[in-house]
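Biologist: Can we go through this one together? I'd like to start with the overall picture and then look at a few residues.

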Amino acid sequence: MRRDLQVAHADDDASEVAQKVAEYNLLALPVVDEAGEILGIVTVDDAIEILLPKDWRQRLPKLFG
């Protein structure tokens, strides 16, 4: 069974990319150009920064620290 490779593109909306990371339960998502060359990655930590409200982000170190 072949799975489709999930990627993001440089011009994708940040919140949509973060949603994709969450939806597919990914640790990282490659960002590619039109030719499929890797430009970088978006990590789950990056997605959390985008998806969680600011007051929750400030509480995380207290919860897990």
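Biologist: What share of the residues in the protein chain is buried?
Modeller: Keep in mind that this is a predicted model. Buried residues account for 18% of the 65 residues in the protein chain.

Biologist: And how many helices and strands are there?
Modeller: The protein chain has 3 helices and 3 strands. Along the sequence they follow the pattern β-α-β-β-α-α.

Biologist: Which residues make up the largest nonpolar core?
Modeller: That core has 8 residues: Ala8, Val17, Ala18, Val21, Leu29, Val31, Val42 and Ala47. Helix H1 and strand S2 (28-32) each supply at least two residues of this core. H1 gives the most, with 3 residues.

Biologist: Now the surface. Which residues form the negative patch?
Modeller: Asp11, Asp12, Asp13, Glu16 and Glu34 form a negative surface patch.

Biologist: Where is aspartate 13 placed?
Modeller: Aspartate 13 sits in the loop that joins strand S1 (8-9) to helix H1 (14-23).

Biologist: Why is aspartate 13 called partly exposed?
Modeller: Because its relative accessible area is 39%, and partly exposed covers values between the 20% cut-off for buried and the 50% cut-off for exposed.

Biologist: Different spot. Where does asparagine 25 lie?
Modeller: Asparagine 25 is in the loop between H1 and S2.

Biologist: Is asparagine 25 buried or exposed?
Modeller: Asparagine 25 is exposed, because its relative accessible area is 69% and exposed means over 50%.

Biologist: How far apart are asparagine 25 and valine 44?
Modeller: In sequence they are 19 residues apart, and in space 8.6 Å, C-alpha to C-alpha.

Key: Residues are numbered from 1 along each chain as its sequence is written. This is a predicted model: local features need pLDDT of at least 70, side-chain atom pairs count only at pLDDT 80 or more; totals for chains, interfaces and linings use all residues. Side-chain values use heavy atoms; hydrogens and water are left out. Patches are made of residues with over 30% relative accessible area and no salt bridge: like charges are joined within 9 Å, nonpolar side chains (Val, Leu, Ile, Met, Phe, Trp, Tyr) within 5 Å. Accessible areas come from the Shrake-Rupley method with a 1.4 Å probe; for residues, only the protein chains shown count as cover. A salt bridge is a side-chain nitrogen of Lys or Arg within 4 Å of a carboxyl oxygen of Asp or Glu. Lys and Arg count as positive and Asp and Glu as negative; His and the chain ends are not counted. The place of a charge is taken as NZ of Lys, CZ of Arg, CG of Asp or CD of Glu. Helices (H or I, at least four residues) and strands (E, at least two) are DSSP runs, numbered from the N terminus. Buried means under 20% relative accessible area, exposed over 50%, partly exposed in between (1.4 Å probe, protein chains only). A nonpolar core is a set of buried Ala, Val, Leu, Ile, Met, Phe, Trp, Tyr and Cys residues joined through side-chain atoms within 4.5 Å.
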